[in-house]
Every structure is written in C-alpha cells, then in structure tokens.
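Subject: A structure for you to look at

Hello,

Here is the structure I promised to pass on. Please open it first, and then read my notes below alongside it.

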Amino acid sequence: MSVRRIGSGGPFEAKIGYCRAVVANGFVHVAGTCAAEPVSDDVVEQCRSALAIIEKALHEAGVSFADVVRVTYVLPNRNDFAPCWPVLSETFGANPPAATMIECGLINPKYKIEIEVTAVLPS
C-alpha cells in the first residue's frame, strides 16, 4: 500500500503532528479544517475559507468535491450551522456526501466551524 501525505503549511500541522490530507487505499482523507488566518468572525466566511483549503488539498490529491463521500461538520454552536447551508449546498448539492454535524469546542474559540472530508479516488 502506498501512502501519500499532503501538507498545507498550516500553523497547527507542525504543532500537533498531522498533515492536511492523506491519500491511501483509494481514499483521500482530509483532516478537520478551519478558516485561514486572519479569521473572520462570520461563520459563513469561515466556512468558505475552510472549504477553499479543503478544495486545494483535494485538487492536489487528484479529486474534487464531486468525489467526496463523507463530510463531518464540527461547530461550537449548532445555531451557526444553518447560515452555512447555502454555501454547503452550492459545494456539495449535485453530489451530496453522507454527512454528520457535531456540536463541540474547537482548538481555539475564534473558530466557528471545522470541516473534515473523505473522498474516493477515481478508478
């Protein structure tokens, strides 16, 4: 089995010891991703920023949002999820993955959403 790791250079990768994405066994696993710095207070802007980082990792792995089969949303406040729905529908609407939303604290209180995805490599 070959494993390929994709880093983004984000500040937490070196601190925590992880990479943005791992390509293995026909899947692309993208780590939980928050907005890029500087971080807006707006959850929708944070959602868009996180998705842009994820899209870059997916592209580097050779896939797109159309290949995503699983997504997990993590938010400290579940009421912040509904404002993100239009962005998520625009991103995944034509190819909806299985999804889970979890309400819990994130690594830093300034973050309002974290998104993790798994995609399938084309056969």
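A word on terms before we start: a residue is called buried under 20% relative accessible area, exposed over 50%, and partly exposed in between (1.4 Å probe, protein chains only). This is a predicted model, in which local features need pLDDT of at least 70 and side-chain atom pairs count only at pLDDT 80 or more, while totals for chains, interfaces and linings use all residues. Residues are numbered from 1 along each chain as its sequence is written, and side-chain values use heavy atoms, with hydrogens and water left out.

**The sheet and a patch on its surface**

Let us begin with Phe 27, which is partly exposed because its relative accessible area is 34%. Phe 27 belongs to strand 3 (residues 27-33); strands (E, at least two residues) and helices (H or I, at least four) are DSSP runs numbered from the N terminus. Together with Val 69 and Val 120, Phe 27 makes a nonpolar surface patch of about 200 Å². Patches are made of residues with over 30% relative accessible area and no salt bridge, with nonpolar side chains (Val, Leu, Ile, Met, Phe, Trp, Tyr) joined within 5 Å and like charges within 9 Å. The areas come from the Shrake-Rupley method with a 1.4 Å probe, and for residues only the protein chains shown count as cover.

Two strands pair if DSSP finds at least two bridges between them. Strand 3 pairs with strand 6 (residues 114-120) in the antiparallel sense, over 5 bridges, and there Val 28 stands opposite Ala 119. Strand 6 is also antiparallel to strand 4 (residues 68-75), over 6 bridges, with Arg 70 opposite Thr 118.

Strand 4 runs parallel to strand 5 (residues 98-103), joined by 6 bridges; Val 74 has Ile 102 as its bridge partner.

Where does Val 68 lie? It is in strand 4, and it counts as buried because its relative accessibility is 3%.

Gln 46, in helix 2 (residues 43-61), is buried because its relative accessible area is 0%. Among the residues it touches, again leaving aside those up to four places away in sequence, are Ala 35, Tyr 111 and Ile 113.

**Salt bridges**

How many salt bridges does the structure hold? There are 3 salt bridges, each being a side-chain nitrogen of Lys or Arg within 4 Å of a carboxyl oxygen of Asp or Glu. Side chains of opposite charge can pair when their charged atoms come close.

- Glu 13 and Arg 20 meet at 4.0 Å, N to O, and both residues are buried.
- Lys 110 and Glu 37 meet at 2.7 Å, N to O. They are 73 residues apart, Lys 110 in the loop between strand 5 and strand 6, Glu 37 in the loop between strand 3 and helix 2.
- Glu 103 and Arg 78 have their closest N and O atoms 2.8 Å apart. Glu 103 is in strand 5, and Arg 78, 25 residues apart from it, is in the loop between strand 4 and helix 3. Glu 103 is partly exposed, at 39% relative accessibility, whereas Arg 78 is exposed, at 51%.

Technical notes
Contact = heavy atoms within 4.5 Å.
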